[in-house]
Amino acid sequence: MYRGGPGMLAWALHRITGVAVLLFLFMHIIETSMIGFGPKAYNFTLGIYRQLWFKPIEFLLVAAVLYHAGNGILVMILDFWPASTRYYRRLFWAGAALYVALIIPVGFIMMRRLFGL
Amino acid sequence: MIRAPSVRPAGGLPLYLWFFMRVSAILMFGLVLGHLYIMHIINSTDTIDFQFVAERFTTPFWRAYDLFILFFALSHGLIGMRGILDDYVRSRPWRAFAEGLLWTAGAVFFLLGALILMTFQPGAFRGP
């Protein structure tokens, strides 16, 4: 069983980001299907995403997908190469460092309009 | 000592689903990262509009790309959600009900997405 530590945090975050991305996917399918109703309907729908308050949410979506993908790779490494379990903590922190290094520029690029850039 | 975050099921359907989660993850990994890069980094909700999507869908390549992601992301998400329901909904009848609801919703979303991707005709909205 899990005894806390990074493994448990990683597992909880994997579930939370997974559910969040699935819920977004449902919304994304509905919103994209508006294209079948023509330019007016589609551009109106996209206008919701275009509002400034949605920028951080859009960033959270990308951050959630990136986390889920990164942690998923880590899970597969542990699954298919069990010896790596010994280095789990090191792999986790290396992945976390890579994630932070990636997410900062992504956040800046995606939310630059919020800072007036 | 921390154990691996997942335990491989012994066999049967759970083992197939376990493999499917990993195979679908690998198959869509590059496509999803590409999708995020193109739609949220190079472009954004500020530049995406009807015209953008209409031009994108003039080639079957992007329709196939999106259809591929739609299928694998949706099935991966639904199977993941099924695992969560299995963990938290302990009563058998309620679990069957929740799963039935999940697969029904999944089928509706897949059909809606696939229908739009395969039948959308940008030309139908061009003025006379």
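pLDDT is the predictor's confidence in each residue, on a scale from 0 to 100. For chain B the mean pLDDT is 91, with 93% of its residues at 70 or more. The complex as a whole gets an ipTM of 0.91 and a pTM of 0.92 from the predictor. This is a predicted model, in which local features need pLDDT of at least 70 and side-chain atom pairs count only at pLDDT 80 or more, while totals for chains, interfaces and linings use all residues. Residues are numbered from 1 along each chain as its sequence is written, and chains are lettered from A, with ligands numbered from 1, in the order in which they are written.

One stretch calls for caution. Over residues 1-5 of chain B, pLDDT stays under 50, and the model has 13 contacts for them beyond four places in sequence; a contact here is a pair of residues whose C-beta atoms, placed from the backbone, lie within 7 Å. Where pLDDT is low, the predicted coordinates should not be read in detail.

**The two chains**

Helices (H or I, at least four residues) and strands (E, at least two) are DSSP runs, numbered from the N terminus. Chain A has four helices and zero strands, and chain B likewise has four helices and zero strands. The radius of gyration is taken over C-alpha atoms, and the globule rule is 2.2 Å times the number of residues to the power 0.38. For the 117 residues of chain A that rule gives 13 Å, but the radius of gyration is 18 Å, well over it, so chain A is more spread out than a compact globule.

A residue is buried if 20 or more other C-beta atoms lie within 10 Å of its own, exposed if 12 or fewer, and partly exposed in between, with C-beta atoms placed from the backbone. Here are some of the per-chain figures:

| Item | Chain A | Chain B |
|---|---|---|
| C-alpha extent along principal axes | roughly 55 × 30 × 20 Å | about 60 × 35 × 25 Å |
| Buried residues | 20% of 117 residues | 10% of 128 residues |

**Where the chains meet**

Across the interface, 38 residues of chain A are in contact with 32 residues of chain B. On the chain A side, helix 1, helix 2 (39-50), helix 3 and helix 4 (88-111) each give two or more residues. Helix 1 of chain A provides the largest share, 14 residues. Sorted by class, that side has 24 nonpolar, 10 polar and four charged residues; Ala, Val, Leu, Ile, Met, Phe, Trp, Tyr, Cys and Pro count as nonpolar, Asp, Glu, Lys and Arg as charged, and the others, Gly among them, as polar.

**Helix 1 of chain A**

The expected span of a helix is 1.5 Å times one less than its number of residues. Helix 1 of chain A has 29 residues and should span 42 Å, which agrees with the 42 Å between its end C-alpha atoms. Its buried residues include Gly7(A), His14(A), Gly18(A), Val21(A), Leu22(A) and Leu25(A). The buried residues of this helix pack against helix 3 and helix 4 of chain A, and also against helix 3 and helix 4 of chain B.

**The core**

A nonpolar core is a set of buried Ala, Val, Leu, Ile, Met, Phe, Trp, Tyr and Cys residues joined through C-beta atoms within 7 Å. The largest one has 14 residues, and Val21(A), Leu22(A), Leu25(A), Leu70(B), Ala73(B) and Leu74(B) have the most contacts inside it. Two or more residues each come from helix 1 (5-33) and helix 3 (55-80) of chain A, and from helix 3 (60-88) and helix 4 (92-119) of chain B. Helix 3 of chain B gives the largest share, five residues. Beyond its neighbours within four places in sequence, Leu74(B) is in contact with Leu25(A), Gly106(B), Phe109(B) and Phe110(B).

**Helix 4 of chain B**

Helix 4 of chain B has 28 residues and reaches 40 Å from first C-alpha to last, close to the expected 40 Å. Phe109(B), Gly113(B) and Leu117(B) are buried in this helix, and its buried residues pack against helix 1 of chain A and helix 3 of chain B.

Ala98(B) also sits in helix 4 of chain B. With 18 C-beta neighbours inside 10 Å, Ala98(B) counts as partly exposed. Setting aside neighbours within four places in sequence, Ala98(B) is in contact with Leu85(B) and Val89(B). Leu85(B) is 13 residues from Ala98(B) in sequence, and their C-alpha atoms are 7.4 Å apart.

Note on methods. Contact = placed C-beta atoms within 7 Å.
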